[in-house]
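Open your viewer and keep the selection tool at hand. Each stop on this tour tells you what to pick and what is there.

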Amino acid sequence: MSLFENTLKQINEAAEIMNLEEDILTILSHPKRIIQVSLPIRMDDGKVKVFDGFRVQHNDVAGPFKGGIRYHQQVDMEEVKALATWMTMKCSVVGIPLGGGKGGIIVDPKTLSTRELEQLTRRYINRVQHNIGPDMDVPAPDVNTNGQIMAWMTDEYMKLGNINRRGVVTGKPLECGGSEGRAAATSQGGSIVWEEIAKEKGIKPGETRVVIQGFGNAGSHMARIMGEQGYKIVGVSDSKGGVYCEEGLDAPCVLKCKVEKGTVIECESQCGSCKQITNEELITADCDILVLAALENQVTEENAANVKAKYIIELANGPVTPEADKILEKNDVLVIPDILANAGGVTVSYFELVQNEAGYYWSADKVQRRLKPIMIKAYQRVSEMMQEYKCSMRQAAFISAMDRLSVMLKTRGFE
Ligand code: NAD
């Protein structure tokens, strides 16, 4: 089953529970626009190589399409469609005036030189320039894309149009119009939601062990934040594998070590008394909270029954399959779904866009003060829906999102 089919399954399930009108469901099951582009670039060896790129614009009833651009060798159109659909839902869960979009290029950026990476990035913007913009569609970072890549995208867009609209892309470095707090925002948002749940359940950080899969933007910030709050981080991993440390590990040390050595598995003895484990072992390792911050389809019907954590925080998009969801629910594992748990990232991206358009910049403290109430309100609404419809938190999050989208679509009209 493709990732987009998984997404449709989630939407259909929630639609049935909330008794959503069929017309609205049909609209939300189809992306509004799909763009596919060829990206020829001259490689360092002098030869031309063509890469495939995508942009999917799912829905813009709430505001401009919004969503990251992923550089990965396994990107495909079905994946981008799924990610774009989740973006529409995510923006609606937190109630920000943005729609959903997503992009991707089939490439392993680690195999490119800096010059090739810049060329590829600029070519992508050249191809989609008429379909993006602060009023139309606003890309951002995702897996394997970062502030530097966002800076090249912004520069190319402004050069091509001879305009100064840096709100075309978010997740930019501060010196190029980025927002304070954007880098940590996804994890910050997840942590704010988690703290609400921890308060309700009476969970004490000092007695709670956390395993984190993925040690990039989302995962490494989450390790730092939860470590600072007193949680015991017992396991982390990246694409090369993981480390498990019964006594806990020092998250800032792993971060420094990963930068130096390129992977967390080399930090085995430097940041705690750890042993190396595989990513498969990490998912079923002994812990209380499992944070998924890598890629989709990590907890599946094959390994879900062996998950020992009682809570899963989905910082990644789609890390738990619909089949795994059912097994986890039966085993009383509470899954805090992606469209709520990782919505802090797009919320601060929205703040960045607002600051760019206003030409007036906020302090880190102001960003924090504005993010927190949005995340708490979103969680409370999802929690209310959970009680009203007696459903899972994922179903409640989709209901919360589609309820808002449905009102907008009906009020505005969609013929
Ligand atoms: P990133 O590229 O910074 O980091 C990805 C991490 O996952 C890396 O450490 C990589 O080594 C690791 N990884 C890749 N494959 C793995 C595997 N099979 N097992 C274990 N680790 C693996 O990306 P990111 O921005 O941190 O994004 C991670 C996830 O969070 C994605 O699903 C993304 O869509 C989602 N997300 C990110 C943001 C954001 O603001 N960065 C916002 C919302 C959602």
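**Stop one: the ligand**

Select Asn317 with the ligand: an N or O atom in the side chain of Asn317 is 2.8 Å from an oxygen atom of the ligand (a polar contact is a pair of N or O atoms within 3.5 Å). This is a predicted model, in which local features need pLDDT of at least 70, side-chain atom pairs count only at pLDDT 80 or more, and totals for chains, interfaces and linings use all residues. Residues are numbered from 1 along each chain as its sequence is written, and side-chain values use heavy atoms, with hydrogens and water left out.

A side-chain N or O atom of Arg182 is 3.2 Å from a ligand oxygen. At Gly216, a polar backbone atom is 3.1 Å from an oxygen of the ligand. Taken alone, the ligand exposes 820 Å², and the protein buries 86% of that (Shrake-Rupley method, 1.4 Å probe).

Now show the whole shell. It has 23 residues, and Asp142, Thr186, Asn217, Ala218 and Asn317 are the closest (a heavy atom within 4 Å).

**Stop two: the nonpolar cores**

Which residues have the most contacts inside the largest nonpolar core? Select Trp194 and Met402; this core has 85 residues (buried Ala, Val, Leu, Ile, Met, Phe, Trp, Tyr and Cys joined through side-chain atoms within 4.5 Å; buried means under 20% relative accessible area, with a 1.4 Å probe and protein chains only). Helix H14, residues 393-412, gives the most to this core, with nine residues (helices are DSSP runs of H or I, at least four residues, numbered from the N terminus).

Finish with the other core. That one lies apart and has 25 residues, including Ile69, Leu117, Met153 and Val169.

How values were computed: Buried < 20%, exposed > 50% of the residue type's maximum accessible area, 1.4 Å probe, protein only. Helix = DSSP H or I, 4+ residues; strand = E, 2+ residues; numbered from the N terminus. Polar contact = N/O pair within 3.5 Å; in protein donor to acceptor, adjacent residues only side chain to side chain.
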